[in-house]
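Hi,

Here is the structure I promised to pass on. My notes follow below it.

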Amino acid sequence: MARVVVLGAGIAGHTAAAFLRKWLGRNDEVTVISPQPDYNWIPSNIWVGVGLLQKRQVTFPLAPIYAKNGIDFKQGRAMAIYPEGTLSESKPSVEFEWTAGARAGLREHISYDFLVNATGPKLNFDATEGLGPGKNSLSVCTADHAEETANKLLALVEQMKRGDRKRFVVGTGHGSCTCEGAAFEYVVNLEFELRNHGVRDKADILFVTNEYELGDFGVDGVHIRRGGYVTPSKIFTESLFAERGIRWLTRSHVRKVEPGIAHCEQLDGAQIEAPFDMAMLLPPFSGVGMNAYGRDGQEITEKVFAPSGFMKVDADYEKKPYEKWRAADWPRFYQSPAYPNLFAAGIAFAPPHPISRFRTNAAGLMISPAPPRTGMPSAMIAKAVARSIVDMLRGGGKPSYSASMAEMGAACVASAGANPFTGTAASLTVYPIVPDYERYPDYGRDVSKTFGEIGLAGHWIKILLHHMFLYKARMRPGWSLIPE
Ligand SMILES: Cc1cc2nc3c(=O)[nH]c(=O)nc-3n(C[C@H](O)[C@H](O)[C@H](O)COP(=O)(O)OP(=O)(O)OC[C@H]3O[C@@H](n4cnc5c(N)ncnc54)[C@H](O)[C@@H]3O)c2cc1C
């Protein structure tokens with residue numbers, strides 16, 4: 001009998017646990033440790049954040065689904081990994097703290113044969129003074145944040161209906177943010193909803209981003225072939241914003257957020273104040289801050305985790321200039337180089353370097369996107385990790401399934417409105433996510449698999465995906481047939 005412990009029940013952790021349960025024998029245990037009681041389909045938080053969906057439509061309780069499917073669920077937060085065991089217990093273990101019930105606050109160790117770290121990001125609002133819910137700006141990173149954002153938006157809409165003008169600032173709340181695609185999607189939805197409410201003429205919308213050019217999306221931009229022309233995503237995104245009257249401020253680090261003002265520092269050192277009545281600014285991400293200890297209790301965090309707090313895996317972490325970055329730097333198996341029974345999936349793994357060109361201001365502060373690890377790659381990585389673990393438990397000496405981001409595509413569908421007939425979407429696909437200039441010397445990507453379109457088709461796909469992925473996450477009949 002083997003025990004596989006999965007840390008985190010987000011897109012990666014939940015996918016890994018579900019497939020592990022499906023593929024492992026009934027005598028093997030699958031345990032999920034995660035601090036929140038609910039699953040959240042995070043991509044649809046965007047629609048919660050403009051008031052189109054309620055929190056209950058993008059979340060559901062995990063415990064009953066895990067109980068029904070034979071997955072052991074411990075509502076708790078992993079604190080430390082002991083990959084060599086301890087002096088009193090030779091098996092490796094995780095120390096976690098219960099976050100609910102009578103045991104809340106108590107700490108416990110659980111031993112494992114294999115461990116999947118899928119703890120996602122820490123939403124590092126503290127990196128920017130005054131940033132975030134409870135301070136001076138809003139977010140859509142969690143369903144609760146998104147509901148708060150919607151409440152603020154709908155209150156402003158009422159004031160606009162009475163004739164007031166309002167200023168909206170949307171974007172990245174720090175120079176080193178990722179998730180530009182989510183900020184882009186929110187601003188497109190916001191603009192659409194303001195039109196729906198009949199108050200668009202009363203709104204000034206500014207998009208603030210750490211991207212060097214619009215359309216970078218943390219993947220160094222993409223090139224789209226359409227009608228015989230190859231168009232960079234910069235033109236696609238700029239024309240989309242121009243048509244909708246959304247102003248933009250690129251190359252920006254939000255230094256401080258005060259009530260009603262975001263202080264932005266540009267890559268060239270210029271200081272710009274962006275006044276607002278409502279600001280939705282995403283935080284930068286870091287690892288969740290777990291430590292690691294050797295058998296003797298000595299701290300070995302640096303051996304397991306990168307300084308960012310994300311877990312080191314089979315990537316090439318050697319520091320090199322942009323011109324030397326290669327597709328092969330990116331991990332394939334997500335296995336810890338130090339401990340073969342330790343894997344990371346989704347946002348939890350440390351990327352070898354950004355995908356977009358790394359840029360700093362004169363003071364050395366990073367003002368360029370960190371690499372995105374969106375939902376589809378997170379789930380595909382988790383599934384590959386689960387498959388490898390199952391094969392290793394059955395006697396395979398090493399991981400068998402790879403899921404390199406340099407060999408998979410991704411889609412960004414910024415869909416506005418939840419109505420199938422009046423909505424619209426800006427859809428972009430890219431293949432591969434990490435450019436590979438050895439295979440695709442022109443643009444680093446296969447332009448025949450990279451496209452961009454604005455219209456109803458992408459919108460329908462987005463609505464379909466919302467329902468399909470929630471169905472899959474609920475582990476309803478046939479769930480495993482739905483692709484990642
Ligand atoms: C607003 C927004 C919109 C987005 N839209 C899209 C989109 O349209 N398409 C797309 O592909 N991607 C989108 N993304 C990105 C997508 O949500 C992420 O790629 C995905 O959630 C990453 O999955 P993950 O499992 O790595 O992390 P998460 O989904 O964040 O899950 C992490 C899990 O770990 C748990 N956890 C945290 N700390 C601990 C701990 N110490 N111990 C145990 N568990 C812990 C958390 O509670 C959570 O359950 C969006 C992201 C945001 C913020």
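Which helices and strands each supply at least two residues of the shell around the ligand? They are helix 1 (11–23), strand 2 (29–34), helix 2 (45–48), strand 5 (72–82) and helix 8 (375–393). Helices (H or I, at least four residues) and strands (E, at least two) are DSSP runs, numbered from the N terminus.

Two points on the source. This is a predicted model: local features need pLDDT of at least 70, side-chain atom pairs count only at pLDDT 80 or more, and totals for chains, interfaces and linings use all residues. Residues are numbered from 1 along each chain as its sequence is written.

Four strands make an open, parallel sheet, ordered 14-11-10-18. Pairing needs at least two DSSP bridges between two strands. Strand 14 (246–249) and strand 18 (278–282) are the edges; each has a single partner strand, so one side of each lacks a neighbour in the sheet. Strand 10 (residues 166–172) pairs with strand 18 over five bridges, in the parallel sense. Thr172 has Leu282 of strand 18 as its bridge partner.

**Helix 5.** The 17 residues of helix 5 should span 24 Å at 1.5 Å a residue, and its end C-alpha atoms are 24 Å apart, which agrees. The expected span is 1.5 Å times one less than the number of residues. Just after helix 5, Gly198 has a positive phi of about 75°.

Best wishes
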